[in-house]
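Reader: I've got a model to look through before I set anything up. Can you walk me through it?

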Amino acid sequence: MTTGASVPPASRLLFLDGLRGAALILMAVNHTARWWIDTRMTVGRYALIYLTLTLAAPIFLFLVGFCLPLGARPDADAESLGAIARRLVPRGVRIVGAGLLLNLVVFPDESVLSGGVLQTIGLAMIAMVPALWLLRSPGAAWGLLSVAVAAYLAFLAVVPALARFVEAHPVVGLVLFYDFPPWPWLSLVLLGLVLGWTWLGIHRQSPEAGARWVAAAAVVGALLVVAFFLCDWWVATPMRFGMRRDLILNHHWTPRPIALLWILGMVLLLLAAAYWTMERRRWRLPWLVILGQTALALYFVHQVIAFTLVKEWLGWRFNTWPRYWVATAVFVTVLIGCGWLWREVKGRVGRARRSVP
């Protein structure tokens with residue numbers, strides 16, 4: 001990747017933190033809609049759960065890939081495969097460990113080995129090491145996109161066989177094919193990696209060219225969302241925002257191609273919206289940035305609060321929409337405070353360590 005003198009290399013861009021913060025809010029809403037309401041599953045509640053399900057974790061996974069090139073040294077062409085591995089593998093292992101700890105602390109009734117979003121994110125960081133190294137080669141981006149598409153299509157083809165496999169091997173199924181399993185969701189991470197590498201190279205050469213790239217991504221995203229609604233109308237899907245059209249493997253959801261149009265389209269549109277708001281308009285939205293910069297810690301903490309404390313220990317329920325939305329707004333505010341505190345403590349500890357000779 002070449003770099004231009006006009007834009008100094010940066011390891012953080014606030015619009016990406018803002019988008020990650022929005023994903024955390026969507027995930028919090030998804031969980032509170034599941035755990036804090038115990039009346040019957042109405043159409044509105046079901047649609048809210050489905051909409052937040054299709055956006056929250058996919059944004060996180062996309063951003064894992066999109067943000068990986070930001071951590072590369074300015075002379076990334078000289079970075080060896082081993083150097084990339086030393087940079088990413090320990091982080092991936094720590095995130096997998098955090099996912100296992102979350103199972104132990106929050107979901108003691110489930111196996112500690114159960115897969116989850118954190119485990120998939122950690123494995124993605126490890127799996128993307130060779131891909132990030134290969135991206136320096138001409139034509140590698142198209143090759144990696146082909147791998148991502150082929151992996152997803154292969155998954156669609158073997159879902160019946162996988163269903164029999166996880167039934168016959170339940171422990172392996174819990175580890176590899178549970179909540180947002182690595183196959184096929186690493187394809188989304190790989191897509192994010194290729195797009196992030198491409199955009200960063202353009203942005204470092206010229207911020208205006210980078211802005212045009214984001215605008216083009218927004219157009220593509222809008223077309224994908226329109227295609228989603230047209231396909232739904234054409235096939236007359238019984239419930240437009242629901243799981244009837246999609247795949248259920250090991251009691252968990254995976255999108256079919258029609259739903260994938262919605263997911264990819266909305267991810268690109270939200271990426272462009274965050275860029276336009278925070279980079280072009282200069283609306284910094286510090287509260288959203290706090291959520292994004294502390295998303296890993298808050299992913300853990302928000303489930304402890306929402307499930308263990310509120311649902312299990314206190315037994316609180318918010319069975320009317322006004323009460324539910326007020327409670328969720330208070331919850332998000334508490335998360336912002338927790339994120340601010342975490343960032344302050346972490347920053348002070350870091351500064352204290354650096355001050356030691």
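Reader: Let's start in a loop. Where does H251 lie?
Author: H251 lies in the loop between strand 1 (247-249) and strand 2 (252-254). Keep in mind that this is a predicted model.

Reader: What's the phi of H251?
Author: Near 70°. That is a positive value in a residue other than glycine.

Reader: Buried or exposed, that H251?
Author: H251 counts as exposed, at 74% relative accessibility.

Reader: Which residue has a positive phi of about 50°?
Author: F180, and F180 is not a glycine either. F180 sits in the loop between helix 6 (170-176) and helix 7.

Reader: And is F180 buried or exposed?
Author: Buried, because its relative accessible area is 5%. The cut-off for buried is under 20%.

Reader: What does the F180 ring pair with?
Author: Some context first: the structure holds 24 aromatic pairs. In one of them, the ring centres of F180 and W253 are 6.1 Å apart. Their planes meet at 70°, so the pair counts as edge-to-face.

Reader: What does W199 touch?
Author: L13, F15, F66, G210, W213, V214 and Y275. That leaves out residues up to four places away in sequence.

Reader: OK, the core. Which residues touch the most other members of the largest nonpolar core?
Author: F15, L16, F66 and W199, in a core of 97 residues. Helix 2 (residues 43-67) supplies the largest share of this core, 15 residues.

Reader: What about a second core?
Author: There is a separate one of seven residues. Its members include V159, L162, F177 and L247.

Reader: What follows helix 9?
Author: R282 does, and its phi is positive, near 65°.

Reader: Charges next. How many salt bridges does a search of the whole structure find?
Author: Four. One of them joins R20 and D17, with the closest N and O atoms 3.0 Å apart.

Reader: How are R20 and D17 placed in helix 1?
Author: Three residues apart, which means about one helical turn separates them. Both R20 and D17 are buried.

Reader: What does R280 bridge to?
Author: To E208, with 3.2 Å between the closest N and O atoms. R280 lies in helix 9 and E208 in helix 8 (residues 207-235), so this pair ties together parts that are 72 residues apart in sequence.

Reader: How accessible is R280? And E208?
Author: R280 counts as partly exposed, at 37% relative accessibility. E208 is partly exposed too, with a relative accessible area of 45%.

Reader: Which salt bridge does K311 form?
Author: K311 pairs with E312, and the closest N and O atoms are 3.2 Å apart. K311 is partly exposed, with a relative accessible area of 21%. E312 is partly exposed as well, at 43%.

Reader: Last topic, confidence. What pLDDT does the protein chain average?
Author: 89, and 95% of the residues score at least 70.

Reader: Where is confidence highest, and where lowest?
Author: Helix 1 (residues 14-35) is highest, at a mean of 96. Strand 1 is lowest, at 87.

Reader: And over residues 1-11?
Author: There the pLDDT is below 50. That stretch has 24 contacts in the model beyond near neighbours in sequence.

Notes:
Residues numbered from 1 in each chain as written. Predicted model: local features only at pLDDT ≥ 70, side-chain atom pairs only at ≥ 80, totals over all residues. Heavy atoms only, no water. Helix = DSSP H or I, 4+ residues; strand = E, 2+ residues; numbered from the N terminus. Buried < 20%, exposed > 50% of the residue type's maximum accessible area, 1.4 Å probe, protein only. Phe/Tyr/Trp six-rings, centres within 6.5 Å; stacked < 30°, edge-to-face > 60°. pLDDT = per-residue confidence, 0-100. Contact = heavy atoms within 4.5 Å. Core = buried A, V, L, I, M, F, W, Y, C linked by side-chain atoms within 4.5 Å. Salt bridge = Lys/Arg side-chain N within 4 Å of Asp/Glu carboxyl O.
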